[in-house]
Amino acid sequence: MSYTQLKRVDLIFDTEATTKDILQTAWSKTNEQIVNELLESGLKGRGGAGFPTAMKWKFTSEQAEKERYVICNADEGEPGTFKDREILFKVPQKVFGGMAVCAKVIGATQGFVYLRGEYRFLLKELQKQLDDFHAILKALSINFNITIIMGSGAYICGEESALFESMEGKRGEPRNKPPYPTIAGFRSKPTVINNVETLVYAFMITKHGAKKFKDLGTADSRGSKVFSISGDTPKAGIYELELGMTVDQFVEEFGDGDTKAVQVGGASGFCVPRKKFKDTIIGFEGVPTGGSMMLFNSSRSMYNVLHNYLEFFEEESCGQCTPCRVGCQQLIKGIEAVKKGEKHAVYLDQLMKLSQTMKITAKCGLGQSVANSFSSIVDNFKEEMIY
Amino acid sequence: MAKNINIKIDGITVSVPEGTTILEAARQLNIQIPTLCYHEDLCIAGNCRVCVVELKGARTLPASCAMPVSEGMDVLTNTLKVRTARKHIIELLLSEHNAQCTTCYKNGKCELQDLASEYKISNGETFIDLVPSKNYQIDSYSPSIIKDDSKCIRCQRCVRTCEELQHVSALGVAYKGDKMKISTFFENPMFEVVCTNCGQCVNRCPTGALIERNYIDQVWDAIYDENTHVVVQTAPAVRVALGEDLGIETGEIVTGKMVTALKRLGFNSVLDTDFTADLTIIEEGNELLTRLKRALVDKDPSVRLPMATSCSPGWIKFIEHTYPEYLDNLSTCKSPQQMFGALAKTYYAQKRKIDPAKIISVSIMPCTAKKFEADRPEMRSSGYKDVDFVLTTRELAVMIKQAGLDFGKLPESDFDSIMGQSTGAAVIFGATGGVMEAALRTAYEVVTGREVPFDDLNITPVRGMDGVREAAVTISGTKPEWSFLEGATLKTVVAHGLVNAKKVMDSVRDGKADYHFIEIMACPGGCLGGGGQPVPTNKEIREKRAKAIYQEDAGKPIRKSHENPEIIGIYAEFLKEPLGHKSHELLHTHYKARQRY
């Protein structure tokens, strides 16, 4: 097998143009131009769910209510994801820039960065950078202000509606949807909420135009993406790669030669076993990811991996809806019972059905996505669950 | 006008206004969708997920209670996918729930039990029992409410009730994930937090997690004890709701049957809280007029106006916690229950020549806060505990069933005497606005010598179910001793549900209102919607009970408290005069400032 390196991209971390230049470029365009470029680029949300960014902005800009907000979701909590931390550390002004462009499009004058509680160490520098950014806005006579709000350490607050609740000073619990944030988000006003990385891409697309981004990737997964690579790999770290590779290609470059599974998309993502490496594309046509890529070699027990994920979900569920709160407890207790021989192996089938119920009945994405790792690990590593 | 949306549910087309939920639309078609966290009085939570339905074209099964209809929706409520999901959810709830149903106080009255039965959940299929690993706690310190976390299904009806209807927020959600629970400030017992004991959470809890502390066995013991003389009083709102728990149509008045039942249960004397409701009107009406006189004529700066009613113990505890600086605005009158208790062991004991030490005084109340009220240290002015045991309407229904009485077929009988006679003015104490109306009927007549200028004594502006209702009565043609009130307009306001009490008190505090007299009842609808009333409760049920109350009033031969012959009698031979020495000793009380946290 020939060794070919995956294509590196440098849209996120490049610093050749200044924030001020890009802002000036953006302000030379009409809102319609900006939205059309974004639409043309095919940019989808980088937080994991993959909603077309242009549509979010457009829907929000079309609301009758004029009080609108743009929020940067920097509550990066998915296990195995650490790329937003790097982006905020290295190019914070591009994040703020993306927010400013969004604010221009939707007509907002106030933005917020909701920063993960564990990233408090970033706050001091981030605030300094933000002050500089506000100075640039002032110089350009742009009426927009950003406030940084600290999270308090709950994973669920990365879910957009729980994030709004948290920002409003309430308990971080997901809301019923509809209404969606574009209609009623923060303070029940039209709100664009984007992931850190998405905002930087939007900013860079405004600078370069759609083509540079669109030429990368596949039909369903345009552009590039920042990956957080961890686990059994000699090259752990953060990489911006073109989308469209298969897991096989990925493992070829980042594996340690003994990779038996890759968990794509963190605890709420899918586990891809070795036999499926070749046929699985990393992207919206295959397995989507918010950036987390965890590699496991043959020394790892997939039971332990799953148990670890379930412990995480059991604790991080907000607890309000039945399928998630009790379902997570049953899944973890269930695999423990099978492992100990207290329940027969066929009990796993019942748990699989339960996880499917969770997937279709849980109130928010957290509970709905527990089934992803559960079913893909149990399905592919059943013997490890039992023996 | 909202525009109409056309959708299909189980193949049936229906057109409903925009904003209607799938659940509401289905109910219009008489398609039943099970619910647990949903309650008509509360905001939508959408957290139990039992009401999920299939929506063609959607990946997930939305909760029908939380999903608004949209044009062309094709909804299926009874597919294999839906049934499997619902069954899973019920099984999950049961796995977390202490399902010792046979020994549960709510056995037979539990919504989770009903669903388990409907979906035929069998033991073999259920998931691992999580209860042993949970370290659940029972909080049984309160004299009113027992909270058993092991029965809780986290639907948050209680949390929403406490916050939305009562603005108390004694109950809230604590922790997350598997440790998520309904708790109080710093997890203190209910007895030590801002809980007003109103019991509205008890009324809405679908399981046995929140129940009233019941005193059924203690009351049976007293009845069977031959050395005691057990008197029972029944609150105005009980007679319009008791039937609901005994197979009788909502809104039917069962006063006569109730009296017969109480006699057959073995109470020595079946008396009426309505008697002391009339007495309250005399004392409170005179107190109001005295305060007005001291404020207007004597210019006494120590007089506090507006004066607020003090019949509702939930409201009393609320103001003690929330507006302690306004305690002097409360009428010093005890509630009718406590006036009755104090008189039972003094006046009644003397008249009937019974040693008060041998009297056990029981009250039947629509209320859980009354249990707390009876336990207050101030409530021993007879030298004994004035009211020994308080039973809710629900507990009385249980006793009637335990005694094997076929309630529907019982003949009617009258209250015993003395302290059994009452007027229409007393009956309406059970509805929001009733105390105000009764007080105005008497006060106006005291001042002018004429009846209130309303058609057939019905002071309709203070009636109804709006949260806050203002009414003004202009006084003219006063008697000479009340001439200082000539031409004055008496401004009154009525509020029910503590969230509305807050609105009224805030406007008083902020100087935005110049009321003279405020009536506040802690519970939605007043006592008829009390925390001790039969379950379920909703607006329609409360309106039916209210209608029954006003019907009972209209049918009474005497409808003004001061014309009650027994009231005239008690002043002549025992109390001497309103606000007199004896009254102060037995019928009036004081309050205690409490902290919010």
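Me: In this predicted model, is helix 14 of chain B largely enclosed by the rest of the structure or largely open?
Reply: A residue counts as buried if 20 or more other C-beta atoms lie within 10 Å of its own. In helix 14 of chain B, 12 of the 15 residues are buried. The helix is therefore largely enclosed by the rest of the structure.

Me: Which elements do the buried residues of helix 14 of chain B pack against?
Reply: The buried residues of this helix include B:Met436, B:Leu440, B:Tyr444 and B:Val447. Charged residues are also on that list, among them B:Glu437 and B:Arg441. Their partners, all in chain B, are helix 8 (273-296), helix 13 (424-427), strand 15 (468-474), strand 16 (489-496) and strand 17 (517-521).

Me: What distance separates the end C-alpha atoms of helix 14 of chain B, and what span should its 15 residues have?
Reply: The expected span is 1.5 Å times one less than the number of residues. For the 15 residues of helix 14 of chain B, this gives 21 Å. The end C-alpha atoms agree with that expectation, as they are also 21 Å apart.

Me: Which residue just after helix 14 of chain B takes a positive phi?
Reply: Helix 14 of chain B covers residues 434-448. Just after the helix, a phi of about 80 degrees is found at B:Gly449.

Me: Which residues touch the most other members of the largest nonpolar core?
Reply: In soluble globular proteins, nonpolar side chains tend to be buried together. The largest nonpolar core here has 171 residues, and helix 14 of chain B supplies its largest share, 8 residues. The members that touch the most others are B:Val231, B:Val232, B:Trp315, B:Phe429 and B:Ile549.

Me: Leaving aside neighbours within four places in sequence, which residues is B:Trp315 in contact with?
Reply: Contact requires C-beta atoms, placed from the backbone, to lie within 7 Å. With its neighbours within four places in sequence left aside, B:Trp315 is in contact with B:Leu498, B:Ala501, B:Ile520, B:Met521 and B:Ala522.

Me: How far apart are the centres of domain 1 and domain 2 of chain A?
Reply: Chain A is divided into domain 1 (19-214), domain 2 (224-297) and domain 3 (302-386). Domain 1 places 13 residues in contact with 18 residues of domain 2. On the domain 1 side, these are 2 nonpolar, 5 polar and 6 charged residues. Taken over C-alpha atoms, the separation of the two centres is 26 Å.

Key
Residues numbered from 1 in each chain as written. Chains lettered and ligands numbered in written order. Predicted model: local features only at pLDDT ≥ 70, side-chain atom pairs only at ≥ 80, totals over all residues. Core = buried A, V, L, I, M, F, W, Y, C linked by C-beta atoms within 7 Å. Helix = DSSP H or I, 4+ residues; strand = E, 2+ residues; numbered from the N terminus. Contact = placed C-beta atoms within 7 Å. Domains from an automatic or database assignment.
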